[in-house]
Amino acid sequence: MKILKYSDITSHNLYLNRRKFIGSLGCTSLAFVPTPVAATQSYSTTAKPNTIEEITNYNNFYEFGTSKTDPAKYAHSLTTNPWEIAFEGISQNKKKFDIVEILKGKAIQERIYRLRCVEGWSMVIPWIGFPLRDLINELEVDNNTKFVAFETVYRPEEMRGQKRSTLDWPYREGLTIEEALHPLTFIATGLYGEELPNQNGAPFRLVVPWKYGFKSIKSITKISFKKEQPYTTWSSENPREYGFYSNVNPNVDHPRWSQATERVIGEGLFGERRKTELFNGYIEQVGDLYKGMDLKKYY
Amino acid sequence: MAFSTLFRSLHISLLYSTLLIPIPLYFYWGIVNQLGPDPLRFIEHKYGELGLIFLLITLSISPLLKYTRINLVRYRRCIGLVAFYYIVSHICVYFFLDIGLSIDILLSDLQKRYYIIAGFFAFITLIPLALTSNNFAIRKLNTKTWNKIHNFVYIAIILSIFHFILMSKTWTTELYIYTGITIIILILKIKSSKIYRKLSTYSRAVISK
């Protein structure tokens, strides 16, 4: 069987041309959908991205082991082609889609996002992919959907970490439907203009830049639209320490450590800590989602 | 006689330098960026973990002698002090590099963070041990006092394990291993303690009556 590469879906040239095209318009392709953010505003940060070596060798992906270097060592054993995603809570008869079908016709774009881990470190990552809303808008989602639940693939024979009960597998995460439809909420299928490496959640992962990294679930095989708040792995593992929302917030500490500052990966041994920003610096874009919400209570 | 003393001190010095080499070596690798994307966390954790490992080795020496007749007692002081130097390095990385000499963060950590509090008291209990791990102190103090001071190491190991557990997100393999070894060491220590022996002879006496 032919191994499908990211470049088969979008050739590198086409990808670059698209970027040029988007750039010449002076706006992102998201200008086609009404958003509260000014059309000229880019969703990408201007911060300098981390190197590919840093991004691919420092990962939390417990499915491959609890050490940060385990995913780079062991993630190659995961088969990412073919890849199907099952949907629940949609009225279409067809409930399973191949990733190729999903990507067909999607405007692939680059998003340079900050990533803030709940452990107190941060990176800047140039993702490739499309806004999750572009996918949701194509589906006939059940009325009165309030939440979206995501599930990582469960394959202990390919993911050695799943043989041990470090977490209650499969890994699950969730968002409110408003969060899922937010233009910042992104599905990454690539990194640095190339196919997404397995250790970064290939072939299909979520990126929610204003929330702690663990919300951005990797290697997704199931997406469900729900009325009730879904089960989410870390908040069930330790509800006192990890909330359903888990928005980046320097004023709400993790019970065991401070969230006021973060170590910037790539700054080396003598790097200075960076002050953590509310919603990881995306307050202008997402502040409205949480207006009037007690962020200390809904952490 | 003089020659054998010299030989002895020579091979102890060799052990010291071998066991301590990783401290400057890791630091150098950190400076030249050979320790992956997060060198600070790497050396901070590595020094702490090696400190714990050497502490566990120090504590294993007397049960090892008792149950297997392997005698490493003459290396105990050396390994114990090596553990202390790793722990000092670990704290230096935390204070000078991780929190960047910030007294504010240090004080708030010491008030709010249980793992920092546990680690801090583990270090405090080890200071008198390190200070009395020399011939001069042994000559000056009577054996009873010296032994009492050096039993603090059991408090230090319990606090160190709590420090490790409290900072971890989940139970990793390493954590299971270190906790397991600590529990075994503590059980053996309790079994060999005077109170336990008295109690067990007493209960046996009661049963036989």
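In strand 10 of chain A, Phe150(A) has Ile223(A) as its bridge partner. This is a predicted model, where local features need pLDDT of at least 70, side-chain atom pairs count only at pLDDT 80 or more, and totals for chains, interfaces and linings use all residues. Residues are numbered from 1 along each chain as its sequence is written, while chains are lettered from A and ligands numbered from 1 in the order in which they are written.

Trainee: Which residue is the bridge partner of Phe150(A) in strand 6 of chain A?

Mentor: Strands here are DSSP E runs of at least two residues and helices are H or I runs of at least four, numbered from the N terminus. Two strands pair if DSSP finds at least two bridges between them, and strand 5 pairs with strand 6 (residues 172-176) of chain A in the antiparallel sense over five bridges. Strand 5 of chain A also pairs with strand 10 (residues 220-226), antiparallel again, over six bridges. In strand 6, the partner of Phe150(A) is Glu173(A).

Trainee: How many of the six residues of strand 5 of chain A are buried?

Mentor: Buried means 20 or more other C-beta atoms within 10 Å of a residue's own, exposed means 12 or fewer, and partly exposed is in between, with C-beta atoms placed from the backbone. On one side Phe147(A), Ala149(A) and Glu151(A) are buried, and on the other so are Val148(A), Phe150(A) and Thr152(A). Strand 5 (residues 147-152) is largely enclosed by the rest of the structure, because the buried count is six of the six.

Trainee: And Leu278(A): buried, exposed or partly exposed?

Mentor: Leu278(A) sits in the loop between strand 12 (274-275) and helix 9 (283-286) of chain A. Leaving aside neighbours within four places in sequence, its contacts (C-beta atoms, placed from the backbone, within 7 Å) are Asn249(A), Pro250(A) and Ile283(A). With 18 other C-beta atoms within 10 Å, Leu278(A) is partly exposed.

Trainee: Over to chain B. Where does helix 3 bend?

Mentor: Chain B has 11 helices and zero strands. A bend is the angle between axes fitted to the seven residues ending at a residue and the seven starting there. For helix 3 (residues 39-68) that angle is about 35°, with Pro63(B) following within four residues, and the bend is at Ile61(B).

Conventions. Contact = placed C-beta atoms within 7 Å.
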